[in-house]
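Thanks, everyone. I have one structure for today, and I will go through it a piece at a time. Please have a look at it first.

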Amino acid sequence: MTISRQVCPFHADEDIKGVPTGTDEGSLSFTCTRVRGHPHGGPHSWLYVPQPDGLSGIDGYAAELGLATELPAAIAQYRGHWIEYGVAERAYASQCPDDFAAIVSRYGHTAVRPKQYTTSAFLAGVLGVLSKHGSVLYHLGPATGRWKYNGTISWWAVAPAPDWESSRLSWSDIGQDMSYVPGAADTSR
């Protein structure tokens, strides 16, 4: 089944058409432009990442790892900033290294070897679900550094929503490498 439209979780009468994020796995970005009725005021955005057959949702493996708590906590380390996906991934990997290693073992990572569905896709999917519930905030923005091949990528924050124009922290800004990924063959930025 192909997803192309979703209903805003805060406005049952607001049917939103998804916008492709430019990734190969078919992710879509949704934005309800209403300024009232969302938990953080202003427009509300969320991400849809299709999951491969047999992969549990937030209630499965993600719930076992406590990602509903751990991912927002990792992003909260950068409170007051929108952080590019890679910064969020690195923050989670630093906060929960054993769990991150288990996810890499299960799904792989492009820093280890090229693969269609990876740790990054899994974690971005969980973040997308969390954004629907208001646990984290989502914004589509430019991809930098290691992720620049995507063109655009997800950016994350916790409430209150930081100013998009002045409060962004990109992967290129942090100047880190991929050494946080267990077994990384490519540790370049």
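Tyr92 and Phe100 are both buried in this model, which is a predicted one. How are their rings arranged? Eleven aromatic pairs are found in the structure. In the one between Tyr92 and Phe100, the ring centres are 6.3 Å apart and the planes are at 70°, so this pair is edge-to-face; the cut-off for that label is over 60 degrees.

Helix α3 covers residues 85-95 and helix α4 covers residues 97-107. Their axes come within 5 Å and cross at roughly 120°, and that makes α3 oblique to α4. Which residues make the contact? From α3 there are Glu89, Tyr92, Ala93, Ser94 and Gln95. From α4 there are Pro97, Asp99, Phe100 and Ile103. So Tyr92 and Phe100 both belong to this contact, because each is listed on its own helix. By class, the contact residues of α3 with α4 divide into five nonpolar, two polar and two charged.

Is α3 mostly covered or mostly open? Mostly covered: nine of its eleven residues are buried. The buried ones are Tyr85, Gly86, Val87, Ala88, Glu89, Arg90, Ala91, Tyr92 and Ala93.

One cluster is formed by Tyr61, Tyr107, Tyr117 and Phe122. Tyr61 has a charge over it as well: the charged end of Arg106 sits over the Tyr61 ring, 3.8 Å from its centre. There is another arrangement of this kind at Trp164, where the charged end of Arg168 sits over the ring, 4.4 Å from its centre.

Last, a loop residue. Where does Ala143 lie? In the loop between β7, residues 137-142, and β8, residues 152-157. Is Ala143 buried or exposed? Its relative accessibility is 12%, so Ala143 counts as buried, the limit being under 20%. What is Ala143 in contact with, leaving aside its neighbours within four places in sequence? The list is Glu84, Lys148, Asn150, Gly151, Thr152 and Ile153. For Ile153 there is also a C-alpha separation: 5.1 Å from Ala143, with the two residues ten apart along the chain.

That is what I have. Questions, please.

Technical notes:
Residues are numbered from 1 along each chain as its sequence is written. This is a predicted model: local features need pLDDT of at least 70, side-chain atom pairs count only at pLDDT 80 or more; totals for chains, interfaces and linings use all residues. Side-chain values use heavy atoms; hydrogens and water are left out. Rings of Phe, Tyr and Trp (its six-membered ring) pair if their centres lie within 6.5 Å; planes under 30 degrees apart count as stacked, over 60 as edge-to-face and the rest as tilted. Buried means under 20% relative accessible area, exposed over 50%, partly exposed in between (1.4 Å probe, protein chains only). A charge sits over a ring if NZ of Lys or CZ of Arg is within 6 Å of the ring centre and within 35 degrees of the ring normal. Axes are lines fitted to C-alpha atoms, for helices over the stretch in contact, and angles run from 0 to 180 degrees between N-to-C directions. Helices (H or I, at least four residues) and strands (E, at least two) are DSSP runs, numbered from the N terminus. Angles under 35 degrees count as roughly parallel, over 145 as roughly antiparallel, 65 to 115 as roughly perpendicular and the rest as oblique. Contact means heavy atoms within 4.5 Å. Ala, Val, Leu, Ile, Met, Phe, Trp, Tyr, Cys and Pro count as nonpolar, Asp, Glu, Lys and Arg as charged, and the others, Gly among them, as polar.
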